[in-house]
Amino acid sequence: MEKSTTCNDGELSEFLESGFYRFKNSNSVFVDPVRLLNRSHTRFRVSPSAYYSRFFESKSEHGGSQELEVCSDSKKRKRKQKKPHSLNERERFAEQRHQKMKPELLKAHEALLSATDLLSAMKKLRSNFQSSITEPGVGKSFVELGRVWQAPMYEITLNYQQSSVFDQCSKQRVLPLFNSLVANETNDDVEAEALNKKFILPRGGCFYMSELGQIHNLIPAESDCGFNLIVIDPPWENGSAHQKSMYPTLPNRYFLSLPIKKLTHTDGALVALWITNREKLHSFVEKELFPTWGVKYAATFYWLKVKADGSLISELDLFHHRPYECLLLGYCSRKVSNLENQSAPRPVKDNQILISIPGDYSRKPPVGDLLLEHAPGPKPARCIELFAREMTAGWISWGNEPLHFQESKYFLAD
């Protein structure tokens, strides 16, 4: 263990600077989403205590030995354990997929547990900064407000800070909150106000808040103005009552209407789709969704979720609660004739593993920096996130609540 710590001093220094910790001789990387998100901001910082709202209670600190697979509520699950049942065809395919990837996931987790310097730093990720300023959440959500008849009347005020030290006055710009492209065209963070709340808009960031039917308003008039990187985090249907209480979901067939090819740049786009582990969903994407979008599958990334002590958030073999999710990657060409020859500047490797401590429920780690080198077309790439719940500098964020995690309560003043 001591040798591992010494050998990884360079990696730890890079991690503290960049938010990436790359394990040697491994296809895995640990990321700190807070550090990555803070690249988008100048005058504000994402609050670690607000981001890491879960998984910071360690059971290994009570003298017990740390195993590769630790479940926070394993005792409860054992009491509720049901009699084993025979798997149906879809479940068998899902189990085969899991067993095929399991050795790589275990290897990545072993690499994490061997990096004692990183494990020590992980426990401090939440406590490195002071707590954020909290504001009481009142009123309806963006999803609810966007559906009422008054939606066109809601506005957002952007308060621009003057750069001159002699003039501390700020100028304002008022724009429609819904069904309108709201852009921060400056190189600085902008504070905005809407619905009696404050929000932080990153430099160069844009959002378009609307329902699914209005996404066609983002299709560029010229394909040269299309997007080279398209990240999608759909609100997949799920039987979980907890998920339904967190945000509304949509039937799979609704996603077939997404105009991915029309959003794609002339030189093509890398499409990254977050997906759950349900075999029915994998089959839908493979046989219907990607073909309808005109996307050719390229690779799968895995997001392995761990706690602050390095243990997995659930048992690796727990059938319906795997401690990982998948990010399916594919390429979309504007022209059908170019589909077979479409390639990225750097070929994307299959089965790469991204390790991180999860944030709020269903909040995905920022993956843009890992994907940009694989995006075709000119640089800097034009990027868009669909069904976004937060903003990124230089990106367009579309969805029915792209300001969800931009509320000031999630930030600290720099």
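1. A nonpolar core is a set of buried Ala, Val, Leu, Ile, Met, Phe, Trp, Tyr and Cys residues joined through side-chain atoms within 4.5 Å. In this predicted model, the largest such core has 72 residues. The residues with the most contacts inside this core are F30, I230, I232, I260, W293 and L386. Helix α6 supplies the largest share of the core, namely seven residues.

2. Apart from neighbours within four places in sequence, I260 is in contact with I230, I232, V271, W293, V295, C332 and L386. Of these partners, I230, I232, W293 and L386 are also listed with I260 among the residues with the most contacts inside the largest core.

3. On the α6 side the contact is made by R90, F93, A94 and R97, and on the α11 side by E279, K280 and H282. Sorted by class, this contact comprises four charged, two nonpolar and one polar residue.

4. Within helix α11 attention may be drawn to V285. Buried means under 20% relative accessible area; V285 has a value of 1% and is therefore buried. Leaving aside neighbours within four places in sequence, V285 is in contact with W236, L273, I275, F290, P291 and L328. Y297 is twelve residues from V285 in sequence, and the C-alpha atoms of the two are 9.7 Å apart in space.

5. Strand β1 (residues 20-22) pairs with β2 in the antiparallel sense, over three bridges. F20 has V31 of β2 as its bridge partner. The two strands, β1 and β2, form a hairpin with five residues between them. In the turn of this hairpin, N25 has a positive phi of about 55°.

6. Strand β2 (residues 28-31) has S28 and F30 pointing one way, while V29 and V31 point the other way. All four of these residues are buried. F30 is also one of the residues with the most contacts inside the largest nonpolar core. Strand β2 is joined by three bridges to strand β14 (residues 352-356), and these two strands run parallel. The bridge partner of S28 in β14 is I353.

Note on methods:
Residues are numbered from 1 along each chain as its sequence is written. This is a predicted model: local features need pLDDT of at least 70, side-chain atom pairs count only at pLDDT 80 or more; totals for chains, interfaces and linings use all residues. Side-chain values use heavy atoms; hydrogens and water are left out. Contact means heavy atoms within 4.5 Å. Helices (H or I, at least four residues) and strands (E, at least two) are DSSP runs, numbered from the N terminus. Ala, Val, Leu, Ile, Met, Phe, Trp, Tyr, Cys and Pro count as nonpolar, Asp, Glu, Lys and Arg as charged, and the others, Gly among them, as polar. Buried means under 20% relative accessible area, exposed over 50%, partly exposed in between (1.4 Å probe, protein chains only). Two strands pair if DSSP finds at least two bridges between them.
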